[in-house]
Amino acid sequence: MTDRAGRRRARRLAIGAAVVLALAGMNGPWLYRFGTEQYHEYKINRPEYKAENGKWEIVEFPKEYRQNTIHAALLRTGKVLLVAGSGNDQDNFDAKKFDTRLWDPVKGTIKKIPTPADLFCTGHTQLENGNLLIAGGTKRYEKLKGDVTKAGGLMIVHNENPDKPITLPAGTKFTGKENGKTFISKDPVLVPRAKKVFDPATGAFLRNDPGLGRIYVEAADSGKKYETGTEDNYRIQGLTGAEARNTYGIAQKLALDKKDFQGIRDAFEFDPVAEKYIKVDPMNEARWYPTLTTLSDGKILSLSGLDEIGQLVPGKNEVYNPSTKAWTYTKKIRQFPTYPAISLMQNGKLFYSGANAGYGPDDVGRDPGIWDLDTNKFTKVQGMSDVKLLETAGTVLLPPAQDEKYMVIGGGGVGESEKSSKKTRVIDLLKDDPKFVDGPSLEKGTRYPQASILPDDTVLISGGSEDYRGRGASNILQSRLYDAKNGEMRRVADPLVGRNYHSGSILLPDGRVMFFGSDSLYEDKANTKPGEFEQRIEIYTPPYLYRDAQPSLSGGPKTVQRGDSATFSTKHASSIKTARLIRPSASTHVTDVDQKSIALDVKTSGNNVTVTVPKNRNLVQSGWYMLFVTDDQGTPSKAQWVRVP
């Protein structure tokens, strides 16, 4: 280089440095941020980083396919059912605009599905035939105090006739004997006949215990003057003679107070092959925010929820028979808060983690424990830390399911509490006297954490917020992998999108995890800017998919009996170490009682791998599963779908 050329280059560098200094002086933070963002993008896309921490990517549907997804379930076709119903949008509800989408995460196709009812805040679970059972939803949105124009509330209708029930149609008028005010029913109500009570010793008749019906009533006109403050007996207009004497109403305060959401009885099966909803018999009880969970015999237990008058269902749980498509009540009653995290144990009993998603008294049904449905005996378990902070906590059956260890993650105070827990708690239900012990802590108190089981026996824990529905811009952009084998948890790549209320996560058949939803009250720290529903999907690719090639898995039978073996083809037999049957998720409101990962015995020979399914039907419930095999590096295959009848 000549001296002249060197001087010209030095001059250009000096000018460039002067420009940079000038920009820094005018807008130093912007320049710093620009450089930091560029470096961050470079860092998270390096192969070494992804192999250690994984990677997040956003999927944004075309505008005409976007919706406020509240529920999601993986179907046996590999597609994901995304259910919004009215999507927590009163305008959609009033217009009867109810949405469902069917998304193929491999092909990227999206299909609009006609939605027969408002399935916003429904319950769902996988059935043995591969259909998704969906039950409950929204009859009426809540009305806040100040928006309520007509006094109203609960009317208990009594029928003292032991010979027959009575049905009162919608529009029935109830007039108070003392207050003289008239209220009108919004729906029909069937009031069962009275029950004759006899002396067990002598057989003598003692009395009639009246049949009871519950109905929501409203004042005929608007205004505060129609409120009542005390209990009163109500005469039912239009009844005469014996019916008028035997049938009457009793109501407590009927006022302009806030009115909660009301549920529906409707139930459907979604057929993943026909790709449509199929109506089945309705539940006996209307339910909004119910949990559906599978029992030993393949029937489905439906429990909790708000009923058709916005009251917590009073412990009247019921069972769906997939063969008859009909519902029957359980013999005994037991009450839980809405969306209770309840799932089947290997001994046929039910485990309740104490986690739930909201409505219900703070002193009823909130203690974790083991429930014998046949006897209705409930045995509390001890050791839960932050026991008053279990609302909006996550619950996951740690892999493999045979170990019967559950983890409860985070949680918050009852209702709109700002309190949240950073605890994880683990319980080993195979111990003689099981107790919760604390696992590794989260960095922040976390409501609405999402947890998905992965094929390598780790659990992805991500998202949530420190405050109720992300108030104060409190979404937590962190994710962790918990290793169920050694109990250790480590930070991995941070998600790009905040997730709180109305969000969830689902393991896909290719080993990735999808996240949906989020419904912040506000977007800013001052809580002045109303939040917008998060309609974007986000996909997390775990570190194991950035290693060498996935082991292959193909062929084999589509159906395997419990206790039987099945052989599949693979090009990597010598490296395969484990096999897992993973039940597909059905996720909503931090509740996913379907997901579980079951360890299978594995033998390899030549280009084949043979797996054996355990015999216990409480462990391996009837239905469709994803079969993964994993190599000696912890890298899983893509899943093969297998049915266990």
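**Figure 1. Strand S9 and its two strand partners.** Strand S9, which spans residues 152–159, is mostly covered in this predicted model, with 6 of its 8 residues buried. An antiparallel pairing of 8 bridges joins S9 to strand S16, made up of residues 211–219, and within this pairing Asn159 has Gly211 of S16 as its bridge partner. S9 is also joined to strand S18, residues 247–251, by 5 bridges, and these two strands likewise run antiparallel; here Met155 has Ala251 of S18 as its bridge partner. In a regular strand, side chains alternate between the two faces of the sheet.

**Figure 2. The surroundings of Asp307.** Asp307 is found in the loop that lies between strand S23 (300–303) and strand S24 (318–321). Because its relative accessibility is 1%, where buried means under 20%, Asp307 counts as buried. When its neighbours within four places in sequence are left aside, the residues in contact with Asp307 are Arg214, Phe261, Gln262, Gly263, Ala286 and Val313. One of these contacts, Arg214, falls within the residue range 211–219 of strand S16.

**Figure 3. The largest cavity and its lining.** The structure holds 9 cavities of 30 Å³ or more, and the largest cavity contains about 190 Å³ of space. Its lining is formed by 19 residues, and those that lie nearest the centre of the cavity are Ser343, Asp592, Val593, Asp594 and Gln595. Strand S22 (291–294), strand S26 (342–344) and strand S30 (394–397) are the elements that give two or more residues to this lining. By residue class, the lining of the largest cavity divides into 8 nonpolar, 7 polar and 4 charged residues.

**Figure 4. The salt bridge between Lys279 and Asp266.** The side chains of Lys279 and Asp266 meet in a salt bridge, with an N to O distance of 3.5 Å. This pair links distant parts of the chain, since Lys279 belongs to strand S21 (residues 276–280), whereas Asp266 lies in the loop between strand S19 (262–263) and strand S20 (267–271), and the two residues are 13 residues apart. Lys279 counts as exposed because its relative accessibility is 53%, while Asp266, with a relative accessible area of 23%, is partly exposed.

**Figure 5. The salt bridge between Asp438 and Lys423.** A salt bridge also forms where the side chains of Asp438 and Lys423 meet, at 3.1 Å from N to O. Asp438 lies in strand S33 (residues 436–438) and Lys423 in the loop between strand S31 (405–409) and strand S32 (424–428), so the pair ties together parts of the structure that are 15 residues apart in sequence. Asp438 counts as partly exposed at 39% relative accessibility, and Lys423 is also partly exposed, with a relative accessible area of 26%.

Figure 6. Side chains of opposite charge can pair when their charged atoms come close. A search of the whole structure finds 37 salt bridges, and one of the views shown here is that of Arg66 with Glu60, whose closest N and O atoms are 3.7 Å apart. Arg66 counts as partly exposed, because its relative accessibility is 31%. A further view shows Glu443, Arg480, Arg491 and Asp494, which are linked in a network of salt bridges.

Note on methods. Residues are numbered from 1 along each chain as its sequence is written. This is a predicted model: local features need pLDDT of at least 70, side-chain atom pairs count only at pLDDT 80 or more; totals for chains, interfaces and linings use all residues. Side-chain values use heavy atoms; hydrogens and water are left out. A salt bridge is a side-chain nitrogen of Lys or Arg within 4 Å of a carboxyl oxygen of Asp or Glu. Buried means under 20% relative accessible area, exposed over 50%, partly exposed in between (1.4 Å probe, protein chains only). Helices (H or I, at least four residues) and strands (E, at least two) are DSSP runs, numbered from the N terminus. Contact means heavy atoms within 4.5 Å. On a 1 Å grid over the protein atoms alone, a cavity is a set of points where a 1.4 Å probe fits but cannot get out, and a pocket is an open set with protein on both sides within 12 Å along at least five of seven lines; lining residues have an atom within 4 Å of a point. Grid points are joined across faces, edges and corners, and a volume is the space filled by probe spheres set on the points. Ala, Val, Leu, Ile, Met, Phe, Trp, Tyr, Cys and Pro count as nonpolar, Asp, Glu, Lys and Arg as charged, and the others, Gly among them, as polar. Two strands pair if DSSP finds at least two bridges between them.
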